[in-house]
Amino acid sequence: MAVPVEALVPESEHPRIHTLIGNRLQFAKTFWRPLNVRQDYWSLMYFLQDIMQQAKPLGYRRFVSNQPRTAVDLAHSILTRNDAFWRIPLFETGAENMDMRRIIGKVERSLQGMIYTLDEQFLSRGQNRFWKQAAWQGLMRGMIAAKVHITSDALEYQDSPLIGEIYDSRLVFPHFDAFGLDFVIIERVTTAGAIAVQYPDLY
C-alpha cells in the first residue's frame, strides 16, 4: 500500500529522528542480547547445526540428533491440528445470561472473521496462516510479535479494513517503562523495489 508524502516525517526532522532511533535501537539490542543469543542457538538446534559437534577437530566422531527439530515440529502440529476458536467466558447467572451470550457471540464471530481475513492476506503473500505463524514463533522464539492495522485505505483492494503482519520476534526490540510499553523497534529486510512501491511519490 502506497504511503502519501504528507504522512512522512518532514526532512527537517530527519537528523533528530535518525539519532533517536539509532540510540534506542542500540540500547534495546544490548538489553535483549541474552535472549537473542539464546534464540539463535535454538534456531541452530532446529536446523540441526550443533556448534559443539561442528567444533570437534577432524578425526573425531560427530553426532547430531534430530530430536530438537522433531520435538518442535510435533508441538507445532499439535497446536495447529484443529482450527482455533474464540470463547469469552460468562460468569453471570440468571435471565440476563442469554442476552449477554448473544452479545458475546457477536464479538466471538467478529474475532473469528478477523482471523479469516488475516489468513487470506498471509496466504496471498506466500506465508502460513495466522495460527501456524503464531505457534511457530512461540515455539522457536519464545515470544510472538504481531500488528493489526485498521485503515480505510485497505478497502481499495480488499473487503476488510484490516492489515496484519506477524514479525520475526528475533528482530523485534520492545522497551518497557513504569507505565508499560514505551516503544518498539522492528528490523526488516526489504528491497529497493519494495520501497519504491510503498513510497511512489519519492522514487
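1. Helices here are DSSP runs of H or I with at least four residues, and strands are DSSP runs of E with at least two, numbered from the N terminus. The model is predicted, so local features need pLDDT of at least 70 and side-chain atom pairs count only at pLDDT 80 or more, while totals for chains, interfaces and linings use all residues. Residues are numbered from 1 along each chain as its sequence is written, and side-chain values use heavy atoms, with hydrogens and water left out.

2. The second largest pocket holds about 190 Å³ of space. A pocket is an open set of points on a 1 Å grid over the protein atoms alone, where a 1.4 Å probe fits, with protein on both sides within 12 Å along at least five of seven lines; lining residues have an atom within 4 Å of a point. Its volume is the space filled by probe spheres set on the points, which are joined across faces, edges and corners.

3. Which element gives the largest share of the lining of the second largest pocket? Helix α4 does, with four residues. The elements giving two or more residues to this lining are α4 and α5 (130-141). Among the lining residues are Gln-112, Tyr-116, Arg-129 and Trp-131. By class, the lining has five nonpolar, three polar and four charged residues. Ala, Val, Leu, Ile, Met, Phe, Trp, Tyr, Cys and Pro count as nonpolar, Asp, Glu, Lys and Arg as charged, and the others, Gly among them, as polar.

4. Thr-117 is placed in helix α4 (residues 96-124). Thr-117 counts as buried because its relative accessibility is 17%; buried means under 20% relative accessible area, exposed over 50%, and partly exposed in between (1.4 Å probe, protein chains only). Leaving aside residues up to four places away in sequence, Thr-117 touches Ser-160 and Leu-162, where contact means heavy atoms within 4.5 Å.

5. Leu-48 sits in the loop between α1 (14-46) and α2 (51-54). At 34% relative accessibility, Leu-48 counts as partly exposed. Not counting residues up to four places away in sequence, Leu-48 touches Val-64, Ser-65, Asn-66 and Arg-69. Leu-48 and Ser-65 are 17 residues apart in sequence and 7.2 Å apart in space, C-alpha to C-alpha.

6. Helix α3 (residues 67-79) packs with α5 at an angle of about 145°, their axes being 10 Å apart. Axes are lines fitted to C-alpha atoms, for helices over the stretch in contact, and angles run from 0 to 180 degrees between N-to-C directions. The contact includes Val-72 and His-76 of α3 and Trp-136 and Leu-139 of α5. By class, this contact has seven nonpolar, one polar and one charged residues.
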